[in-house]
Amino acid sequence: MNDAVKHSEIEVNGVRLHLAEQGEGPLVLLLHGFPESWYSWRHQFGPLAEAGYRVVAPDQRGYARSEQPESVDAYSLLHLVGDVTALIGALGAERAVVIGHDWGAPVAWATAALRPDLVRGVAGLSVPPLPSGPTPLAQSREKFGEGFYQIYFQEPGRADAELAADPKSTFRRILGGTHPDGEPRAWVVPEGMKLLDTIPEPARLPAWLTEADVDAFAADYARHGERAFTGGLNWYRNIDRNNELMAAFAGRRIEAPALYVAGEQDLVNAMVPRDVMTYLLQQVTPRLHRHLRLPETGHWTQQERPAEVNEALLDFLRSLD
């Protein structure tokens with residue numbers, strides 16, 4: 001499946017990033033979320049490359065095979081946008097289409113908003129374009145309580161140790177144990193429980209996820225030992241800082257053509273109601289190509305529904321040519 005995917009390393013902004021790449025043509029960057037890696041785009045490389053695009057998926061800073069800066073402050077949204085802008089230039093391109101899932105989506109949206117000169121088009125999977133980054137923690141605490149996962153992640157070392165204790169079990173639980181089964185629910189950890197207590201080990205993996213997939217994610221994370229998930233968790237530890245840093249750009253619209261794809265049962269729907277999502281898309285992305293909702297689909301959009309996602313991405317990319 002991934003025989004044609006080439007792997008390399010590149011340094012941008014003083015951070016060494018691992019890249020997975022396939023194809024030749026206009027540059028398309030694929031930005032993963034938490035807790036994922038380049039491998040979450042395994043079903044997109046071939047179809048996009050065969051359609052005539054150069055597809056590059058980095059492990060973003062702090063993740064998998066890429067370097068983990070020590071300081072929590074090194075993971076702000078502006079640092080992450082800086083990595084994308086530097087990567088476009090380092091790959092010898094003048095512009096790129098930037099596509100992100102989960103945390104990769106805010107990075108893609110922010111790159112399009114702040115550097116329109118570099119972005120031909122932008123697509124977000126799961127997370128819509130928010131005015132100034134993720135919701136401030138005080139609002140999340142008021143809405144979902146102290147056990148809300150983003151609040152839980154704030155304590156240094158706690159979630160880090162729980163997730164890193166057994167990476168394979170962690171991925172089986174987080175990716176394979178969150179089947180969409182009705183009304184989307186926010187991830188909340190009841191008092192007295194640990195993070196993974198809320199997601200039992202699944203008896204069997206969903207059809208879209210194999211044991212080999214779990215092994216691939218776990219192997220890339222395990223190389224960081226007890227800090228396997230710390231880099232990704234540090235993205236969450238910058239949520240309030242991101243809102244402060246992005247305040248100067250409040251109200252800035254994304255002028256590039258845009259695509260938004262979301263699962264009907266994605267947990268993000270419990271955090272951003274559909275009417276708010278629609279409003280944000282109307283206000284922030286005036287050149288929205290399409291807003292696609294996928295039924296019976298949870299949070300892991302491009303892994304759960306690769307055929308539908310690839311069709312939507314290729315339709316969007318063709319509209320830019």
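How many bridges join strand S3 (residues 27-31) and S5, and in which sense do the two strands pair? They pair in the parallel sense, over 4 bridges. Before we go on, a quick word on what you're looking at: this is a predicted model, where local features need pLDDT of at least 70, side-chain atom pairs count only at pLDDT 80 or more, and totals for chains, interfaces and linings use all residues. Residues are numbered from 1 along each chain as its sequence is written, and side-chain values use heavy atoms, with hydrogens and water left out.

Helices (H or I, at least four residues) and strands (E, at least two) are DSSP runs, numbered from the N terminus. Two strands pair if DSSP finds at least two bridges between them. Look at Leu29 and you'll find that its bridge partner in S5 is Val98.

Let's stay with S5, which covers residues 96-101. Over on another side of the story, 6 bridges join S5 to strand S6 (residues 119-125), and these two run parallel. How does the chain get from S5 to S6? It crosses through helix H3 (residues 104-114), and this β-α-β crossover is right-handed. That label means that, with the strands pointing away from the viewer, the path from the first strand over the helix to the second runs clockwise.

S6 also has strand S7 (residues 258-263) to pair with, in the parallel sense and over 4 bridges. There, Ala123 has Leu259 as its bridge partner in S7.

In S5, 6 of 6 residues are buried. Both faces are covered, with Ala96, Val98 and Gly100 on one side and Val97, Ile99 and His101 on the other. S6 is mostly covered too, with 7 of its 7 residues buried.

Next, a helix. H14 (residues 306-320) has 15 residues and reaches 21 Å from its first C-alpha to its last, close to the 21 Å expected at 1.5 Å a residue. The expected span is 1.5 Å times one less than the number of residues. Buried residues in H14 include Val309, Leu313, Phe316 and Leu320. An α-helix has 3.6 residues a turn, so residues three or four places apart point the same way.

Pro190 sits in the loop between helix H7 (167-176) and helix H8 (211-222), and is partly exposed because its relative accessible area is 39%.

On a 1 Å grid over the protein atoms alone, a cavity is a set of points where a 1.4 Å probe fits but cannot get out, and lining residues have an atom within 4 Å of a point. The model has 2 cavities of 30 Å³ or more.

Definitions and conventions:
On a 1 Å grid over the protein atoms alone, a cavity is a set of points where a 1.4 Å probe fits but cannot get out, and a pocket is an open set with protein on both sides within 12 Å along at least five of seven lines; lining residues have an atom within 4 Å of a point. Grid points are joined across faces, edges and corners, and a volume is the space filled by probe spheres set on the points. Buried means under 20% relative accessible area, exposed over 50%, partly exposed in between (1.4 Å probe, protein chains only).
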